[in-house]
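User: Hey, I've just opened this one and I'm new to it. Can you walk me through a few spots?

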Amino acid sequence: MKLAEALNRRAEISQRLQELRERTTRNVLVQEGDKPSENPVELLKQQEALFLEFENLVTRINKTNNQILLSDGKPMVLALSQRETLKLKHSLYKSIASAGTPQISRYSNTEIKSVSMINVSEIQNFADNYAQQLRELDGKIQQANWSNDLI
């Protein structure tokens with residue numbers, strides 16, 4: 001199994017766990033005399049089995065990530081942390097650029113005028129630069145995910 005396949009399976013398990021959690025929560029209380037539409041104890045058993053698979057998979061993914069080097073020689077674990085940081089930076093600068101763009105909502109010259117306190121173009125350039133770096137790094141990570149087998 002390739003690392004990318006394991007990552008997809010991890011996402012599937014996470015989604016399935018969330019669905020089972022919602023179904024279990026809906027069925028733990030019923031009106032006296034009624035029966036739940038699904039047995040919450042059985043749903044919990046299904047979740048426990050998925051938790052075991054999830055834990056095993058995450059352990060194997062982490063072991064694999066600790067041994068992978070990207071095409072540029074960068075360790076995968078470093079690339080993953082850099083990718084998360086780039087996502088945060090991009091989001092921050094994109095939000096600031098959006099917030100700093102004056103909205104023209106005045107109907108007359110007597111209404112209050114908003115003035116940007118930042119250079120929106122410069123901030124947007126930072127956001128664009130981080131987005132570009134993120135795309136490039138993510139491409140290398142994806143390449144490694146599909147090139148390496150899961151330990």
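User: Where does Phe-126 sit?
Analyst: Phe-126 is part of helix H4. Keep in mind that this is a predicted model.

User: Is Phe-126 buried, exposed or partly exposed?
Analyst: Phe-126 is partly exposed, since its relative accessible area is 34%, and that value falls between the 20% limit for buried and the 50% limit for exposed.

User: How far is Phe-126 from Ala-97, going by C-alpha atoms?
Analyst: Their C-alpha atoms are 9.5 Å apart, while along the chain the two are separated by 29 residues.

User: OK, rings now. How many aromatic pairs does the structure hold?
Analyst: There are 2 aromatic pairs. One of them is Tyr-93 with Phe-126, a tilted pair with 5.4 Å centre to centre and 50° between the planes. Tyr-93 lies in helix H3 and Phe-126 in helix H4, so this pair ties together parts that are 33 residues apart in sequence.

User: And what about Tyr-93 and Tyr-130, how are those rings arranged?
Analyst: That pair is tilted too: the ring centres of Tyr-93 and Tyr-130 are 5.5 Å apart, and the planes meet at 45°. Tyr-93 is in helix H3 and Tyr-130 is in helix H4, so here the parts tied together are 37 residues apart in sequence.

User: Which residues end up in the ring cluster?
Analyst: Tyr-93, Phe-126 and Tyr-130 are linked into a cluster by their ring pairs.

User: Zooming out a bit, what angle do H3 and H4 make?
Analyst: H3 and H4 pack at about 155°, and their axes are 8 Å apart. That makes H3 roughly antiparallel to H4.

User: Is the H3 and H4 crossing left-handed or right-handed?
Analyst: H3 and H4 cross in a left-handed way.

User: Switching to the other end, how do H1 and H2 pack?
Analyst: The angle between H1 and H2 is about 155°, with the axes 9 Å apart. The two are therefore roughly antiparallel to each other. As for handedness, H1 passes H2 in a left-handed crossing.

User: Which helix is Val-41 in, and is Val-41 buried or partly exposed?
Analyst: Val-41 belongs to helix H2. Its relative accessible area is 48%, so Val-41 is partly exposed.

User: Last topic, the inside. How many residues are in the largest nonpolar core?
Analyst: The largest nonpolar core has 20 residues, and Leu-70 and Met-76 have the most contacts inside it. Helices H1 (3–27), H2 (40–67), H3 (76–100) and H4 (120–147) each supply at least two residues of this core. In soluble globular proteins, nonpolar side chains tend to be buried together.

User: What is Met-76 in contact with, leaving aside its neighbours within four places in sequence?
Analyst: Met-76 is in contact with Leu-3, Asn-65, Ile-68, Leu-70, Ile-141, Ala-144 and Asn-145.

Key: Residues numbered from 1 in each chain as written. Predicted model: local features only at pLDDT ≥ 70, side-chain atom pairs only at ≥ 80, totals over all residues. Heavy atoms only, no water. Core = buried A, V, L, I, M, F, W, Y, C linked by side-chain atoms within 4.5 Å. Buried < 20%, exposed > 50% of the residue type's maximum accessible area, 1.4 Å probe, protein only. Helix = DSSP H or I, 4+ residues; strand = E, 2+ residues; numbered from the N terminus. Contact = heavy atoms within 4.5 Å. Phe/Tyr/Trp six-rings, centres within 6.5 Å; stacked < 30°, edge-to-face > 60°. Axes fitted to C-alpha atoms, helices over the stretch in contact; angles between N-to-C directions. Parallel < 35°, antiparallel > 145°, perpendicular 65-115°, else oblique. Left-handed = near helix turned anticlockwise from the far one by under 90°.
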